[in-house]
Amino acid sequence: MFTTPEVYFQPNLEKIDREILKKIQKIGLLKTLNRAKKTPFLREKLAQAGVTNGINGLEDLHKLPFTTKKDLINCYPFGALAVPINRVLRVHSSSGTTNKPVTTFYTKRDLKIWSELMARGFACVGARKGDVFQNTTSQGMFTGGLGLIQGAERFGITVIPFGSGSPEKQLEIMRDFGVTIFHAIPSFALRLIEALEANDGIRNSLKLRIGILGAEPWTKEMRKKIENGLGIDAFNNYGFAEVGGPGVAIECRFKSGLHIWEDHFLAEIIDPKTGEPLDVEEEGELVITPLTREAMPLIRYRTGDITRFIEGSCECGRTHIRVDWMRGRIDDMIKIRGIGLYPSTIEQIIASHRETNGNFLIVLSGIDDITVKIEVNNGVAGKADVIERLKQEIFDEIKRTTQLRTTVEILPPGTLPRSEGKAKRIMDLRRLA
Ligand SMILES: [Zn+2]
């Protein structure tokens with residue numbers, strides 16, 4: 001399928017025999033339990049679950065208690081730390097868009113492993129020596145800043161740590177330095193497309209070929225839109241601050257799900273209601289136990305992300321299990337007229353239409369009224385017949401998929417607010433009414 005051979009950063013570990021992998025996971029899990037006893041909240045949880053004497057191996061995983069974001073919020077700022085503070089080389093935090101931030105800590109070894117996992121990710125998406133990487137996300141406490149930069153340096157490519165904002169300026173820098181790979185939040189990739197459309201002359205001087213996108217929920221339909229708009233291959237990158245940031249899972253060139261680096265993260269998919277494990281291919285909540293983190297061990301962390309394991313081996317040769325794209329976070333599910341709705345379902349429908357530019361906003365108002373505001377692209381703005389047909393099609397598709405009758409509003413490009421960080425896709429005015 002590809003004209004260039006597959007490249008691995010740590011070939012022996014990326015193509016590891018699964019029997020050996022299980023042994024590595026067992027050692028990691030037992031070590032993690034020992035580290036966990038050094039943090040009061042985990043020690044207490046383990047005692048409550050009756051596992052003070054430890055466990056035998058992976059088969060006893062279900063005996064261990066879950067941990068949640070709430071546990072970590074209650075621990076702010078130092079309560080989840082398992083080593084003396086003088087062994088901590090770096091502190092990051094989650095963005096805290098919906099809650100108080102969660103801090104995450106790294107020892108020297110934690111930072112080394114993090115950059116190695118990100119370097120694996122660069123190999124996975126097809127980065128090669130000579131590539132030039134631009135990071136379009138902020139480099140502060142956000143793990144997607146320095147995390148990606150260190151990974152690119154570890155992999156051995158040139159880094160341009162631009163930071164967030166200024167899509168027009170980002171494009172100019174991409175042109176001037178021959179940038180081939182960038183990292184962005186998906187909604188920012190849409191802003192790059194807009195900036196490119198406004199300055200189309202720049203397109204032929206760009207060398208972009210790969211986008212690494214993540215840190216907010218998105219869909220395969222949106223991927224297509226971004227790939228077409230920028231003329232690149234885009235890959236889904238997954239991670240979260242609580243377990244160190246990005247570098248948990250990433251897509252390979254075959255785009256058939258995200259490989260979870262199982263020598264560092266033990267993954268389960270559970271029924272979010274009962275906590276019971278689900279079978280391969282069954283959709284549920286992803287639970288992650290980091291196996292090698294020193295500064296901040298965690299046990300069975302409930303990510304809140306809904307996905308499923310994908311059966312079978314991957315053509316890239318990596319043996320690490322794959323998960324499907326996240327449908328969304330359980331917290332993001334809107335309850336409307338008794339129906340549970342993920343914004344990603346609406347995004348899928350909208351982004352599958354050529355006429356839209358990918359920007360949308362779901363507004364909930366009154367008792368349970370739902371309005372979907374959708375921007376069209378430049379080519380369609382002002383064409384009344386196209387807009388009327390699009391409006392009807394989207395209304396019908398949403399109704400068919402979700403049973404919900406919505407008000408669909410079609411807007412000219414650039415109408416909806418743009419965010420410097422993660423996009424806001426839902427405005428819930430019901431409680432204010
Ligand atoms: Zn693969």
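Start with the largest nonpolar core, which has 99 residues. A nonpolar core here is a set of buried Ala, Val, Leu, Ile, Met, Phe, Trp, Tyr and Cys residues joined through C-beta atoms within 7 Å. A residue is buried if 20 or more other C-beta atoms lie within 10 Å of its own, exposed if 12 or fewer, and partly exposed in between, with C-beta atoms placed from the backbone. Select Phe 122, Val 125, Ala 189, Val 248, Ala 249, Ile 260 and Phe 265: these touch the most other members of the core. Then select helix H5, residues 108-125, which gives the largest share of this core, nine residues. Helices (H or I, at least four residues) and strands (E, at least two) are DSSP runs, numbered from the N terminus. The core draws at least three residues from each of domain 1 and domain 2.

Two notes before moving on. Residues are numbered from 1 along each chain as its sequence is written. The model is predicted: local features need pLDDT of at least 70, side-chain atom pairs count only at pLDDT 80 or more, and totals for chains, interfaces and linings use all residues.

**A stop inside the core**

Zoom in on Ala 249. Leaving aside residues up to four places away in sequence, Ala 249 touches Tyr 238, Leu 258, His 259, Ile 260, Trp 261 and Val 323. Two residues are in contact if their C-beta atoms, placed from the backbone, lie within 7 Å.

**The two domains**

Colour residues 11-16 and 105-330 as domain 1, and 333-428 as domain 2. These bounds come from an automatic or database domain assignment. The C-alpha centres of the two domains are 26 Å apart. Where they meet, 17 residues of domain 1 contact 17 residues of domain 2. On the domain 1 side, helix H8 (186-198) and helix H9 (220-230) are the elements that give two or more residues. H8 supplies the largest share, four residues. By class, this side has six nonpolar, five polar and six charged residues. Ala, Val, Leu, Ile, Met, Phe, Trp, Tyr, Cys and Pro count as nonpolar, Asp, Glu, Lys and Arg as charged, and the others, Gly among them, as polar.

Is Lys 225 buried or exposed? Lys 225 counts as buried because it has 25 C-beta neighbours inside 10 Å. Beyond residues up to four places away in sequence, Lys 225 touches Ala 351 and Gly 358.

Next, select helix H10, residues 343-351, which is mostly covered. Seven of its nine residues are buried: Pro 343, Ser 344, Ile 346, Glu 347, Ile 349, Ile 350 and Ala 351. What covers them includes H9, strand E18 (356-365), strand E19 (369-376) and helix H11 (384-402).

Show H5 with helix H6, residues 143-155. Their axes come within 7 Å and cross at roughly 70 degrees. Axes are lines fitted to C-alpha atoms, for helices over the stretch in contact, and angles run from 0 to 180 degrees between N-to-C directions. H5 and H6 are therefore roughly perpendicular to each other; that term covers 65 to 115 degrees. Residues that meet include Trp 114, Met 118 and Phe 122 in H5, and Leu 148, Arg 154 and Phe 155 in H6. The contact divides into eight nonpolar, five polar and two charged residues.

Move to helix H7, residues 167-176, and H8. These pack at an angle of about 75 degrees, with axes 9 Å apart. H7 and H8 are therefore also roughly perpendicular to each other. Pro 167, Glu 168, Gln 170 and Leu 171 of H7 make the contact with Arg 191, Leu 192, Glu 194, Ala 195 and Leu 196 of H8. Five of the contact residues are nonpolar, one is polar and three are charged.

**Backbone stops**

Most residues other than glycine have a negative phi, and most peptide bonds are trans. Go to Ser 166, in the loop between strand E4 (158-160) and H7. Its phi is near 45 degrees, a positive value. Ser 166 is partly exposed, with 15 other C-beta atoms within 10 Å.

Then find Gln 403, in the loop between H11 and strand E20 (407-411). Phi of Gln 403 is near 70 degrees, again positive in a residue other than glycine. Gln 403 is exposed, with 11 other C-beta atoms within 10 Å.

End at Pro 77, in the loop between helix H4 (69-75) and strand E1 (90-93). A cis peptide bond joins Tyr 76 to Pro 77, with omega about -5 degrees.

Key. Angles under 35 degrees count as roughly parallel, over 145 as roughly antiparallel, 65 to 115 as roughly perpendicular and the rest as oblique.
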